[in-house]
Amino acid sequence: FLEPHYDEKKNFIESNRERLIKKWGGEQGWDRQKRVHNLKGRGMDAGIPHFNLDRLASNTMASHRLIQHVGKRFGLRISEALYDRLNVYYFVDGHSLNDKPRLAKVAAEEINKLLNNDKTTANKNGNGETAIGENEILTFLNGNEGRYEIQMALRTLDDIGVHGIPKFIIEGRTVVDGAARSDTFVDIFRDIEMRGKIAGGPIFGEILGVSDDIIQRGSHSIQDLDAAAA
């Protein structure tokens with residue numbers, strides 16, 4: 001979580017600008033962090049020309065629960081695409097991730113668009129579903145389903161020494177800071193490529209209740225990757 005102590009009952013707590021200025025001890029400290037890490041330049045390199053510095057910061061338990069729920073119900077292809085959409089929703093559009101009515105509307109639109117674009121998704125996931133309603137998502141967000149699993153995942157992260165975000169855990173054992181540059185990841189993946197096999201496995205699948213079948217199907221097929229590279 002970005003700020004786990006934020007009140008879940010509030011739509012948002014503060015702007016991200018306010019949060020960062022407090023975090024780094026004032027505007028001078030925040031300006032120094034921006035220069036050291038070249039955040040704007042690295043965002044542009046990644047194809048993100050604008051981060052909304054005044055985006056609304058909130059508790060993110062509900063949105064974390066939603067992503068896991070969608071992954072278990074529709075598969076990782078859909079949940080990862082929804083995650084990408086919510087990154088734009090928050091980091092670029094600046095909306096609160098705890099604005100549950102707005103979140104439900106955006107999530108329903110994105111999930112149904114994805115399901116409509118991939119008519120075989122329901123068959124691949126074996127649930128026969130081809131749509132989800134906005135009201136159904138809102139009911140889920142206002143409930144507690146999935147809370148225990150997220151809490152257990154947070155406890156596991158604490159046990160392995162992950163206390164900040166973003167972080168990447170590769171092969172279930174290699175922890176890479178989110179601020180690492182691309183060559184760090186390239187080196188790790190080239191090593192795996194040379195080995196010809198993955199040394200470890202996911203550490204959160206069982207904790208989050210995601211079945212082995214869903215994990216094995218993954219979020220991207222070879223056809224998806226070929227199409228993206230074309």
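**Cores, helix packing and selected residues**

The largest nonpolar core contains 26 residues, and L66, L82, L86, I111, I137 and L141 have the most contacts inside it. A nonpolar core is here a set of buried Ala, Val, Leu, Ile, Met, Phe, Trp, Tyr and Cys residues joined through side-chain atoms within 4.5 Å. Buried stands for under 20% relative accessible area, exposed for over 50%, and partly exposed for values in between (1.4 Å probe, protein chains only). The model is predicted: local features need pLDDT of at least 70, side-chain atom pairs count only at pLDDT 80 or more, and totals for chains, interfaces and linings use all residues. Residues are numbered from 1 along each chain as its sequence is written, and side-chain values use heavy atoms, with hydrogens and water left out.

Helices (H or I, at least four residues) and strands (E, at least two) are DSSP runs, numbered from the N terminus. Not counting residues up to four places away in sequence, L86 touches I67, L97, L103 and V106, where contact means heavy atoms within 4.5 Å. Another core, of 8 residues, lies apart from the largest one and includes I150, A153, F204 and L208.

The axes of α4 and helix α9 (residues 147-159) come within 9 Å and cross at roughly 105°. Axes are lines fitted to C-alpha atoms, for helices over the stretch in contact, and angles run from 0 to 180 degrees between N-to-C directions. The two helices α4 and α9 are therefore roughly perpendicular to each other; angles of 65 to 115 degrees fall in this class, those under 35 count as roughly parallel, those over 145 as roughly antiparallel, and the rest as oblique. On the α4 side the contact is made by M61, H64, R65, Q68 and K72, and on the α9 side by R147, E149, I150 and Q151. By class, the contact of α4 with α9 has 2 nonpolar, 3 polar and 4 charged residues. In this scheme Ala, Val, Leu, Ile, Met, Phe, Trp, Tyr, Cys and Pro count as nonpolar, Asp, Glu, Lys and Arg as charged, and the others, Gly among them, as polar.

N144 is located in the loop between α8 and α9. The side chain of N144 makes a polar contact with the side chain of R147 (2.7 Å). A polar contact is a pair of N or O atoms within 3.5 Å; within protein, one must be able to donate a hydrogen and the other to accept it, and residues adjacent in sequence count only if both atoms are side-chain atoms.

S96 sits in the loop between α5 and α6 and counts as buried, at 2% relative accessibility. Its side chain reaches the backbone oxygen of N11 at 2.5 Å, and a polar atom of the S96 side chain lies 3.0 Å from the backbone nitrogen of N98. Leaving aside neighbours within four places in sequence, S96 is in contact with N11, F12, L56, S58 and Y89.

E110, in helix α6, is also buried, at 10% relative accessibility. Apart from neighbours within four places in sequence, E110 is in contact with A81, L82 and R85. D212, in helix α12 (residues 212-217), is exposed, with a relative accessible area of 62%.
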